[in-house]
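Hi everyone, thanks for coming along. Let me put the model up on the screen, and then we can walk through it together.

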Amino acid sequence: MIHIKGFFIIYKYRQIKYTHPQYLPYHPSDLLQYQKLYLIKKQLKLLIIEDEQGLRENITSYLNEDGNICEGCGNCTDAIDKLAAYNYDCVLLDIGLPDGEGFAILEYLKNTRKNETVLIITARNSLDDKIKGLYMGADDYLTKPFHLAELKARIAAIYRRQNANSNNNLIFNEIIIDLNGRTVSVNHTPIILTRKEYDMLLYFIANKSKVISKSAIAEHLWGDEMDMHDNFDFIYTHIKNLRKKLIDANCKDYIKSVYGIGYKFADA
Amino acid sequence: MKLAGHYNKASIIVSVSVLITGAIIYFFVINYIARRQFDSDLSEEVSEVLAYINYRHHLPTRTDFDEDEATFVKTGLKKMDTYFFDTVYYNTKQKRIEDRRAVKGLLRYNNQNYLFTISVSKESTEYLIQIITLITLALMTLLLIILFITNRYILNDLWKPFYYTLNKIKLFNISDDSELQFQTNKVDEFREMNSAVAEMSIRAKTDFHNLKSFTENASHEMLTPLAVITAKLDTLIQDERLNAEQLTHINDIYASINKSTRLNQSLLLLVKIDNSLIKDDEVFNLQEAVNEKIQQFQELMQSKNISVTTHLQDRVITASKYLTDILLNNLFSNAVRHNNINGQLHIILSSSQFIIKNTGDITPLDNNSVFDRFLKGKNSQGTGLGLTLVKSICLYYKFNITYSFKNSMHAFIIDLPVATTNN
């Protein structure tokens, strides 16, 4: 009995701990957002269709660290077998595969009415391919070479877009980002960010606890067409401003500079 | 000169020279024959005179000769060869000088040597030669006219299939899928040429398609390893044991990857533009695109404290937005990258021109080579393809682009074509 009672007490205690407002990182009124957060933070199941093994492994390890489940395969046949057997949240698709064009997989998904999110990763920077891919049901298009941070941000964005409803908030500790209104508040105090700062914050949160190189940040914010890899000074200005605004709103200093390479957005 | 012209020239020169040579030979031959005829006539005359003397035993009088002239003069000469010669004679009856053929020789009569000269008029022969010359000239003129007309009309007609084929070749578009079609032809040479051209066009098209897929494959093959390197580096920098120096090296590798990616993409784009593979023209306002680009380069310009002055008008153009974006990107990158700290940038868009002017190096660039591939400034970190791309895009849309250096400003001027009215 004592054992049972003890267990009950522990159980009760846990219940209290996990439901009492003081243990929640959010205000009770944010309960809806909490549920939303749960949705966003849930594990993603991904299928990586890429014939280059080295690249596939790196993508897998980079994305897995967040608790996502990644599976990989290197040709069309294996990919269709896997897609027939399992459901995935997101499919990363290389167009140039050894046994055919990746468009066949898009066709397959369309025909079988599967609604996997598809992100095309390809070396072909051809407008025709891009339009064809998007027309055939792909959600986004990423040209090789790309930064893993960029890939992760794109996946997060597609996923958010897919699961968006009227109340679409992204929460990271004391930072709440209203994705529909594009506004940010820290400790329920709204802060005003420029478009670049807002994009940068989203990018950081998508790649939290990861070191992000300056060239990846520059490419994300200014696009890869802008030729300026010899000058990253102005990134620093934007980061400095973002950090100042967050700290001014009593936010913890999450942005850490990693000397020589870039930045890291980390909790600890 | 056209082929027919060359042919005309040659044939006329040849026929005229043959005719002239022929006429000259003809003239001499007729002269020769006529002289021989005269000479034999004169010989006959001489023998007649001798026979006359032998029969009548006195010298013939003037009336014994019809038209011919004969003189007999006593001479002390003992011996002399008889000879024929040309001479002139004043005809007292007709009061004009006429050419004559004469014979001179010795004859013996009454133990006295006489020098005789008998001459005949050449007038009739000269008349003949004149007629022959006239006929020859008339023939020559007629021949030339006929030759000219033949060459002009018949040759032109004969060459028609050639011009037809030539026109087809001129209009040949390598990226077109349709095959060259030729008319059937009776002339062996043209038939052969048409089949050779048709074969060549097929070969060129196959090569072109191969090249196209080669460039695509090359892009894939070159970019995939770069993607692997980037992914590996992205993973590597997560390692907390790396020190700052190592990270700086990695950063340099990132920059190199970026550069080779850009280089690769620029080269592929150049090939695409040169082969007219980009066909997504739409009508849009260039001013909006320029404004957007200025917005995009804001930070970059602020970091160098460049002051921008703009003078923009609405200007609707028909072009690919993608290519226009690349064009503006390269011009802006160029103007910002090579600008001085606290420099200036002027952007002017009128209905006829787009001008981008910037301060920078005080020496002007070489006007002839500024758009050449892989030509870059001493301190440039670019790929050396930026302005080449700009030039290619301008050529593609038949915009004329020029570089000028005035008041220590480098200027790129694009002449926009005459505005198309927008319905």
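This is a predicted model: local features need pLDDT of at least 70, side-chain atom pairs count only at pLDDT 80 or more; totals for chains, interfaces and linings use all residues.

Here is a question to start with: which residues are linked with B:D39 in a network of salt bridges? The partners are B:D86, B:R101 and B:K122, so we have a network of four named residues on chain B, B:D39 included. By salt bridge I mean a side-chain nitrogen of Lys or Arg within 4 Å of a carboxyl oxygen of Asp or Glu. The background idea is simple: side chains of opposite charge can pair when their charged atoms come close.

Residues are numbered from 1 along each chain as its sequence is written, chains are lettered from A and ligands numbered from 1 in the order in which they are written, and side-chain values use heavy atoms, with hydrogens and water left out.

So how confident is the predictor about chain A? The average pLDDT (the predictor's confidence in each residue, from 0 to 100) is 79 for chain A, and 79% of the residues score at least 70. Confidence in chain A is highest in strand β1, residues 45–49, at 92, and lowest in helix α1, residues 2–19, at a mean of 40. Over residues 1–40 of chain A the pLDDT is below 50, and this stretch has 29 contacts in the model beyond near neighbours in sequence. A contact here means heavy atoms within 4.5 Å. As for the element names, helices (H or I, at least four residues) and strands (E, at least two) are DSSP runs, numbered from the N terminus.

Back to charges. Over all chains, the structure holds 20 salt bridges. One of them joins the side chains of A:K210 and A:E65, at 2.6 Å from N to O. These two come from distant parts of the chain, 145 residues apart: A:K210 is in the loop between α8 (195–206) and β12 (211–213), and A:E65 is in the loop between α3 (53–64) and β2 (69–73).

Is each of these two buried or exposed? A:K210 counts as buried, at 3% relative accessibility, while A:E65 counts as exposed, at 57%. The cut-offs are these: buried is under 20% relative accessible area, exposed is over 50%, and partly exposed is in between (1.4 Å probe, protein chains only).

Another pair is A:D267 and A:K252, with the closest N and O atoms 3.8 Å apart. A:D267 is partly exposed, with a relative accessible area of 36%, and A:K252 is partly exposed too, with 47%. Over in chain B, B:R100 forms a salt bridge with B:E98 at 3.1 Å, and both of those residues are buried.

Now have a look at α8 of chain A. This helix has 12 residues and reaches 17 Å from its first C-alpha to its last, close to the 16 Å expected at 1.5 Å a residue. That expected span is 1.5 Å times one less than the number of residues. Why do we call α8(A) largely enclosed by the rest of the structure? Because 10 of its 12 residues are buried, among them A:Y198, A:L201 and A:F204.

In chain B, find B:H410 in strand β11, residues 409–415. B:H410 is buried, with a relative accessible area of 6%. Its side chain makes a polar contact with the side chain of B:Y403 at 2.7 Å. A polar contact is a pair of N or O atoms within 3.5 Å; within protein, one must be able to donate a hydrogen and the other to accept it, and residues adjacent in sequence count only if both atoms are side-chain atoms. Leaving out residues up to four places away in sequence, B:H410 also touches others, including B:I356, B:D361 and B:F405.

Last stop: where the chains meet. Here, 44 residues of chain A are in contact with 43 residues of chain B. The area buried between them is about 3,800 Å², of which carbon and sulfur atoms give 56%; buried area is the accessible area (1.4 Å probe) that two parts lose on being put together, summed over both. The count between the chains is 1 salt bridge, in which the side chains of B:E240 and A:K264 meet at 3.3 Å. There are also 7 residue pairs in polar contact, both at pLDDT 80 or more. On the side of chain A that touches chain B, α3(A) gives the most, with 5 residues.
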